[in-house]
Amino acid sequence: MPFQWPECAAPVQRARQDTMYPSAAAIGYNGWLRAEVTANSKIESAGRRLENVSTVREVTYEVLRDLGMTKIFGNPGSSELPFLKDMPPDFQYVLGLHERTAAGMALGYALARLEAAFVNLHSIASAGNGLSALIDAHYCHAPLVVTTGQQDRRQIMAEPFLVSRAVEVVKPYVKWACEPLRPEDVPAAIARGYRLAMQPPRGPVFISVPMDDWNRPCEPVVARKFSQSVWADPAALDEVVRAIDSSRKLALITGSQIEEDRAGREVVALAERLNADVYAEPIASRWAFPRSHRLFRGGVLPAQKPLADQLAAYDTVVVLGAPVFLYYAYVPGNVIVPGTKLFQITNSTQDAATALAGTSVVGNIAAAAQYIRSCVKPVERSVPARTKAPEPKAEHPMTCGYVFSVLNKLLPRDAIISEECPSSKGDLDRYVELDEPGSFYSVRSGILGFAMPAAVGLQLAHPNRRVVCAVGDGSMQYSIQALWSAVQSKAPVIFLVICNGNYSALKGFRDFTKVGKNVPGIDIPGIDAVKIAQGYGMTARAVDRAEDLEPALKCAFASREASLVSVNVQEGGQKTMGMDQSVNPPNYG
Ligand SMILES: Cc1ncc(C[n+]2csc(CCOP(=O)(O)OP(=O)(O)O)c2C)c(N)n1
Ligand SMILES: [Mg+2]
C-alpha cells in the first residue's frame, strides 16, 4: 500500500537529453520566487524611503521588514537600546531572560519556517552566553541573522566597559562575522548576512554594531534577486542511478537536510519506486521520513563498526541529506563494509568534504531525488512488516517507554516534538510515531540547552500545531528561562520533564566505556521542576504513579496555555544511543 501522503507528481521521464532536471515548480521549490517577491517589495519601499528614511536605524527596520524578519528574539543591554528605541509597531520583541534562550527560540522559529530569524543580543556578554545556540544553528543549518551591540566607536580604542570582540569569538561557527567599517553599511550588512544565511547549507551570520551607528544618516538599501538552491551535477547523479539499477539490495539513509530542502515527498516517492529499506541517520535531529511507513526500518547506530555491520547486507547505500556519518562513541571499523557502494547526496559542501568514504554529490535534495526517481527502474519486492515494540507495562516507578507510549496515544497527529531527554531518546523514538514533515527536532550538536527554547520558537512559528518538549531533568536546567518566555509569549508548549534525579546518560556512558563507578557530579537530587515552573508563572503538576499520567497529560492538552508535567521515572541509560557491550565499545577505565 503506498503511503498516505498527498500524491507526488508522476516521475518525469527523460524524453530529451536537454531536459535533464525537473522544474523547480514541479518539486514545489519556491526559493527563487520568494526572493523575487522580496526584491520587488523592497524596491518599491526603497522608493518610498528616499523621502522619509534617513538613519541607519530606520533603514535597518525597513530591511528587516522587507526580508520578513519582524520578530526580534533578544536580550537587551545598554549598547542595543539605540536600536530598540521606538521599535515599529509591526515588529514583535521576544524576550529571552538568558541569551541561550533568546537565540534558542530564534533557532526553533527559523527551523520551523525555513526562513531566517533575527536575533539581537548584548555585546560580548551575550555572544558568550548565546554561543551554544549559534553552534547548534551552524550544525543544524538554521538561518539566523544575529546582531549584537558594540561600544561607541569613538572610545573603542580605550577598551571600555562592555567592549566586544564577539566577531572573533563566533567566527568558527558562523558563515560570516563582521563589524561594518562605516555606520551606513549596517543595513546592507544585515541584508548581505540574510542572503548568506539563507544560502544552502543555511546557517547563522553575525553582525556587531557600535551603539553610536544607529542615529547616523543612511541611504536606502535596494534588494537584489538571488536564487537559493544549487542543483547537483546530473553526470554525478547518473552514476547513482546506474548503481541503484544494478543493485540487488539497496538502503536509503535519510537525514535532516531532506526537511531543509522540502524534499520529504520526493524522498518517499523515490523509496516507494525502489521499494528500498529506509533508515534514519544516526542520532537523527529531524524525522525526515514518515515513522509508520512500511519501508521505514529505524535508525542506524552512531559508531563506525556497528553502523557498518548494521548495513552489511546491502550492496548499495545512498545517504540522502546527512553526513557520512555522525558518530558518537569511537568504535573503529569500516565506514561501510568492503564491496558495498556508498553514495552521499548532500546540500552541504562541508559534509561532502568530511565524509570518510563513498562518492559525494552536492546539491538540492528534492531535485536530486526527483531526478533519480525519473531515471531509475522500479523495483518490485515484498517488504516484511516491521516488528512493533512491545506495549510497555504500567510499573512503579514508570519506565520511559511507558511514558512515551501514553504520550503517543494522546498526541495530535500533527504535533511537534522538541526532544532533549538523553537516556530515554531511544524510548521516545520507539513509542512516538509521527509522520508529518516538521514533527521532530532534537539537538544536532550534542550541547544541552536546545529543546526548551526551540520548543517556544517552534510553537510561535506553528500556532495551530501542538508542541511537546520532552526534556530530561538535567537538560532542562541549561535554558530553564524558556519557561518564562513560553508563558509571556503565550506559546502553549507542553514541557514533559523526564525526572530521574540524575544524569542517566552519563551513568550509561560510564558503564558502556568501563570508566568505573567512582565518578562525581552525575546525581542531581533536590530539584523541584514543578516549583520552578510555577515560579515562572506556569501551571505545573508532578506525576508519580502510572495511573495519574494520562489524566495529567490530557489536562495539559486541553489547556491553551503552556504547562509543565514532571514525571518520575526509573533510572535510564541501559544503552548508549542504542548500543550496548555487544558493539565492543572503547575502554576508558
Ligand atoms: C551544555 C552541556 N553540558 C553537559 C553535557 C553533558 N551531558 C550529556 S547528557 C547529560 C545528562 C543530561 O541529564 P538529563 O537531562 O537528566 O537526562 P538523562 O541523562 O537523565 O536522561 C549531560 C550532563 C552536555 N552534553 N552539554
Ligand atoms: Mg535525568
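Tutor: Two strands pair, in the sense used here, if DSSP finds at least two bridges between them. Helices (H or I, at least four residues) and strands (E, at least two) are DSSP runs, numbered from the N terminus. This is a predicted model, in which local features need pLDDT of at least 70, side-chain atom pairs count only at pLDDT 80 or more, and totals for chains, interfaces and linings use all residues. Residues are numbered from 1 along each chain as its sequence is written, while chains are lettered from A and ligands numbered from 1 in the order in which they are written.

Student: Thanks! Which strand holds the residue that stands opposite Thr254?

Tutor: Take the sheet of six strands first: it is open, with parallel pairing and the order S9-S8-S7-S10-S11-S12. Its edge strands, pairing on one side only, are S9 (296-299) and S12 (359-362). Within this sheet, S7 (residues 250-254) and S10 (residues 316-320) pair in the parallel sense over five bridges. Thr254 faces Leu320, which lies in strand S10.

Student: Is Thr340 buried or exposed?

Tutor: Thr340 sits in the loop between S10 and strand S11 (341-346). Neighbours within four places in sequence aside, Thr340 is in contact (C-beta atoms, placed from the backbone, within 7 Å) with Leu311, Tyr314, Asp315, Thr316 and Val317. A residue is buried if 20 or more other C-beta atoms, placed from the backbone, lie within 10 Å of its own, exposed if 12 or fewer, and partly exposed in between. Because Thr340 has 21 C-beta neighbours inside 10 Å, it counts as buried.

Student: How many residues of helix H10 are buried?

Tutor: H10 covers residues 264-274, and its buried residues include Arg265, Glu266 and Glu272. The buried residues pack against helix H8 (234-245), S7, helix H9 (257-260), strand S8 (277-280), S10 and helix H13 (365-375). Of the eleven residues in H10, the number buried is ten.

Student: What is the distance between the centres of domain 3 and domain 4?

Tutor: The chain is divided into domain 1 (7-51), domain 2 (56-218), domain 3 (234-375) and domain 4 (400-581), with bounds from an automatic or database domain assignment. Contacts link 16 residues of domain 3 with 16 residues of domain 4. The domain 3 side has nine nonpolar, four polar and three charged residues, where Ala, Val, Leu, Ile, Met, Phe, Trp, Tyr, Cys and Pro count as nonpolar, Asp, Glu, Lys and Arg as charged, and the others, Gly among them, as polar. Taken over C-alpha atoms, the centres of domain 3 and domain 4 are separated by 29 Å.

Student: Which residue of S6 is the bridge partner of Cys178?

Tutor: Another open sheet of six strands has parallel pairing and the order S2-S1-S3-S4-S6-S5, with S2 (92-95) and S5 (176-178) as its edge strands. S5 and S6 (residues 205-210) pair in the parallel sense over three bridges. In S6, the bridge partner of Cys178 is Ile207.

Student: What angle does the direction of helix H7 make with that of S6?

Tutor: Axes here are lines fitted to C-alpha atoms, for helices over the stretch in contact, and angles run from 0 to 180 degrees between N-to-C directions. Helix H7 (residues 186-198) packs on the sheet and touches S4, S5 and S6. The direction of H7 and that of S6 make an angle of about 170°.

Student: Last one: which helix gives the most residues to the shell around ligand 1?

Tutor: The shell has 20 residues, among which Ser423, Gly472, Gly474, Ser475 and Ala505 come nearest; a residue is near a molecule or strand if its C-beta atom, placed from the backbone, lies within 6 Å of it. By class, the shell has eight nonpolar, eleven polar and one charged. With three residues (its run is 504-512), the helix that gives the most is H18.

Key. Contact = placed C-beta atoms within 7 Å.
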